[in-house]
Structures are given as structure tokens and as C-alpha cells.
Amino acid sequence: MIPAPSSVQGSDKIVSITDLRFTYEGGVEAVKDLTLDIRKGDYIAVVGGNGSGKTTLAKNINGLLRPSRGTIMIRGHDASKMAVPEIAKVVGYAFQNPDYQLFCPTVEEEVRFGPSNLGYSHEDVNVKVQRALDAMNLQHLRTKPPLSLRLGERRRVTLASVIAMDPEVFIFDEPTTGLDTEESEMLMQKLRNLNAEGKTIILITHDMRLVSEHAKRVVVMSQGRVILDSDPRGAFADLDILRKSNLEPPAVTKLAHALKAYGVPVDIISPEELVFHLLRGSEG
Amino acid sequence: MVGFVDLYTEGDTFLHRMDPRVKITSVILLSILAFVLSSLEALGLLLLLIMALVVLSRTPISKTAFAFKFVFRLMVLIVILWPLFDRSGEPVIASLGPLRLTEPALLRGLTSATRIGCLATVWYILMFTTQQRDIVRALVKMGVRFDFGLTLAISLRFFPTFGATIGSIMDAQRARGLEFGRGGLLKRTRNYVAVLVPAIVSAMRTADGLSWALQSRAYGARPDRTYLRDFRMRWSDYASLMAVVLILALPLTAKLALGMDL
């Protein structure tokens, strides 16, 4: 395993996972000996093929699954001694499928559900709900029934309902699945805003373009283990590691790899960088 | 959850090889027998026969223990509750205030419990040794309309899926701070609304998608259908059917024609 560069973020650990192992009933070992620190302000993309253990890891972090072995510390407290709602105050988890959670008659009530469960005062809940509705551009849909909305809007409602719980860490499981480019860009911009406000983001995804454009740190999983933990640049430079976990780097990185013989560096992650290097090459 | 819906275990016993139509008929005949018999001894014998067949199906007990536990609890419950409502007869074994435990009531309780035990476990033989799709196909072969059969097959098929969906929904709501099994009645009811509404919505979306998928694969284009594998009655199937008919006919004759107390 390649250690994360120390420059990624500060050292304010929110979640600290040590030797985590999780075995499902029936014997499938979904996560093996996994050690990972999540620091304040991180924007981590957890990537890996289907069945690599990404979602199992996420569910262990927020207490929906409990480790078979190893420890998870949340803000210095042993997560195994914390109830799910207690963990939910620190780690919010937005599920992939909005239809698995929407049930209220209006968007506003839906967003209110989470913070009300956590026992915040009425005024606090109001403030948090309004902030979440603003953050996800949902004010105009406030009184609409969430189930009648389009998928992109329903997804935003589920994210708002997690944002309203005001956790420090957000886990987003494939938030852009099924969205068109515009909806997806808009959503990712919202996540970026959250990160800019100091929130920690854990993005579970297959989409390498999202990773290259948004994440500050990439955790590559394969067969229940972390096989790489680096910045996106470092992750995409290592084609072997990516292939091993059934992932493909963004097209622009692949192009850079193909142009390696012409002096183009392989750790390119945006079209602008590639153009810059090509122009510099033609001038020189 | 999955095990609760599909009790089938792969195997190669005579019960597994038996034509599903014979199995369904036999199970129905044995169920009728359980209603016909009224003595504890005869019903006990029938229960033993059923248990012997369960053993012969070689189904691992680890996979089915919960199903038997369920039946056993039900039987115990019947034995305990029966005398509470049936205080007739002599001799009285014990009495406490208005409660009386009489020997005939206890006997009737035991008899009913054994009958229920027979009725429940006899269906296990079918379910342990027959794939659900074969049960459905056999029913269609026996004259059930194909679309009813398909509806049944689809419901059975989607039970585990639906179970998994409910699990995910409960996870999603727990992640939003919902605690199941806590709070007063009103709060608990509200908690279940948070699961029921998404569950129904998901089920309806699935059903909608499924009906489109069925139509796009020309479902209903022709009333008659062909099958890849067809059922064929073999001599062993006829023999099994005969045996079961005799098992029903003999006590029935003894009881009705000869007036024996079975």
C-alpha cells in the first residue's frame, strides 16, 4: 500500500479505522484488514469495481454494519459503543436510491425528518432545514411531494435530508447515477461547496472523471483491501493498480499515457493540462 | 429472509425425483386425512409418517430448523390455550380459581395440536423437495390458469428481492436517525410509515417495470405455450400416488364403513 502524502490535509482526524475486517453472514469477507484515517476537510473518492467492498466500508463507518474485527474511532470515541443515530450526528450517509427513503408528503417535511430524529431543538431544526434546502436549490420545491419529482430532484432531496442533519462527514454513495450531465455537474458543484465550508466528503463512485475533477484524495479498493491511497494525480499515473481494480482512468489520462513517448507526463488529469503540455512541447 | 421464502434444498432422493403433480396431490390427500382422523393415536401416527418422509428428503436440519421451531411453538401454544377455553368434562386434573384443567380438554388440545402439526409439516415435504418454479408449472399443468401461475411464480421470485429492499430502506432510515422499536405507540407507527411508504413505492415501480419487460417479450401473444422440460409420470410416480391413496382410503373406510374410532 502506498501511504497518503502528508500534504493531503491537516491532521485533524475525524474517523480513524484500524484493521477493519467485515464478514457477511454466509462467510463473504467484504473488507479485510483495512486501515484508514479520515481527516477534517478531506474530499475522498472511494473507487473500485463492483464487490470491492466500498459500500460495506461505508456502512461500517456509519454503524449500519458492525466490524467483525478491528476498531473504528469517531471523534476519538469507539464507534462500537455508539448507536447509529449518535454516529449519524457526525457521519451522514446518503443512499444511492432516493426511493429507499422518501416518504413524506412534502420536500420540507422530508428534509426535517433527519434532524428531528436527532433531537435538535425546534429552532435549530428550522435553521438546519432552511440551510439544507438552500444548499440543494430546493426552496422552490419546498411544498411539493418528493415522490413526484424527477430523479435528479429526488436525489437532491435525499442529499438535503442528510445535509440538514449537519454531520461533519458526508458519505455519498454513487450520487450521480442516472443523472444527466447538467444535473450531475450541478450536484457535484453542491458537494464542492460543502467541502469548501469545511465538511468532509467521502464519495463512492465508479466515475473516474468525477474523481479527477473533484476529489483531493483517492482510495482505491480491490477485494476488500485498500490497494492505493493517494492524490488523484498519483492514482491515475498507476495504470496497473487501476486495471487490477477494474477501473479505467479518465480519457485524458489515457491519452497522456499514450503520448508518453513524446514527453507528455502520465499524471495528467484535465484537458487543460494536456493542452498546456502539448503546446509547450511544440514550442520547444 | 431468503430461507424463509424458499425452503428448497438441492437433492436426489425419491422425493426430489417424484413428479411435482404427484407430490402436490399427495400433500393434499394427506391434509384431508389429517382432517378426517380424530384420535390422538392415529394423528400421532400420521405425524410420524410425515416426519419419516421429511427425514427421507435428506434436507439439512440446519436449514429448516426454524420452520419446525415455528410449528412446534404453535403446537405448544395450542396445548396451553385449549384448556383455557374448554373447561368441560371429567376428571379434573387441576383447578385454579375459574380455571379448570380437565383430562378430555387436555386430550382435545393435544389432538388439535397434532393435527395442526400434520397440516403444517406435510407441506414442508413438498417445499423442501420441489423447486418453486416446478410447483407453479405443476399447478398450471393441473389446470390452474397460466397467468395465475405466473403471478404466483413472480410473487415467490420477488419475495427475497422485496425483503432485501425493505432491509435497505430500514438502513436508509436508520442512517437518518430513526430508531426502530423505541418510543410510544404513535411514534412506532410513524416509524413504520417511514418504511412502508418507500417499500410500496419501490414495489410499484418494480411491478411497473416488470410488466413492461413482460410485454416487450411478447407475453400473452399466444394463449398456448410450449415448455423446455415437460413432466412425465413414471411407474414410480403411479406407485407413490397409489400408496398415498391407500393411506387415505384405508383409515377412511375403517372409520366411515366399519365405525372404528380413528
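**A chat about chains A and B**

Q: Is Phe72(B) buried or exposed?
A: In this predicted model, Phe72(B) counts as exposed, because its relative accessibility is 57% and the cut-off for that class is over 50%. Phe72(B) lies in helix H5 of chain B.

Q: What about Leu77(B), is it exposed or only partly exposed?
A: Leu77(B), which also sits in helix H5 of chain B, is partly exposed, since its relative accessible area is 47%.

Q: Which residue does Asp86(B) meet in a salt bridge?
A: Its partner is Arg108(B), with 2.7 Å from N to O. Asp86(B) is in the loop between H5 and E1 of chain B while Arg108(B) is in helix H6 (residues 103-129) of that chain, so the pair ties together parts that are 22 residues apart in sequence. Asp86(B) counts as buried at 13% relative accessibility, whereas Arg108(B), at 34%, counts as partly exposed.

Q: How many salt bridges are there over all chains?
A: A search of the whole structure finds 32. Among the residues involved, Arg21(A), Glu29(A), Asp33(A) and Arg225(A) are linked in a network.

Q: Which residue does Arg112(A) meet in a salt bridge?
A: Arg112(A) meets Glu108(A), with 3.7 Å from N to O. The two are four residues apart in helix H3 (residues 107-117) of chain A, and therefore about one helical turn separates them. Glu108(A) counts as buried, at 19% relative accessibility.

Q: Switching to helix H6 of chain A, how many residues has it?
A: Helix H6 of chain A, residues 181-196, has 16 residues and reaches 22 Å from its first C-alpha to its last, close to the 22 Å expected at 1.5 Å a residue.

Q: Which residues of H6(A) are buried?
A: They are Glu183(A), Ser184(A), Leu187(A), Met188(A), Lys190(A), Leu191(A), Leu194(A) and Asn195(A). Viewed down the axis of H6(A), these buried residues fall within an arc of 150°, so they line one face of the helix. On the other side, Thr181(A), Glu182(A) and Ala196(A) are exposed.

Q: What covers the buried residues of H6(A)?
A: The cover includes strands E3 (43-47), E7 (169-173) and E8 (200-205) of chain A, as well as helices H4 (122-135), H5 (151-163) and H7 (208-214) of chain A.

Q: What is the phi of Glu174(A)?
A: Glu174(A) has a positive phi of about 45°, although it is not a glycine. Most residues other than glycine have a negative phi. Glu174(A) is in the loop between E7 and H6 of chain A, and Glu174(A) is buried, with a relative accessible area of 9%.

Technical notes: Residues numbered from 1 in each chain as written. Chains lettered and ligands numbered in written order. Predicted model: local features only at pLDDT ≥ 70, side-chain atom pairs only at ≥ 80, totals over all residues. Heavy atoms only, no water. Buried < 20%, exposed > 50% of the residue type's maximum accessible area, 1.4 Å probe, protein only. Expected span 1.5 Å × (residues − 1). Arc of directions from axis to C-beta. Contact = heavy atoms within 4.5 Å. Salt bridge = Lys/Arg side-chain N within 4 Å of Asp/Glu carboxyl O.
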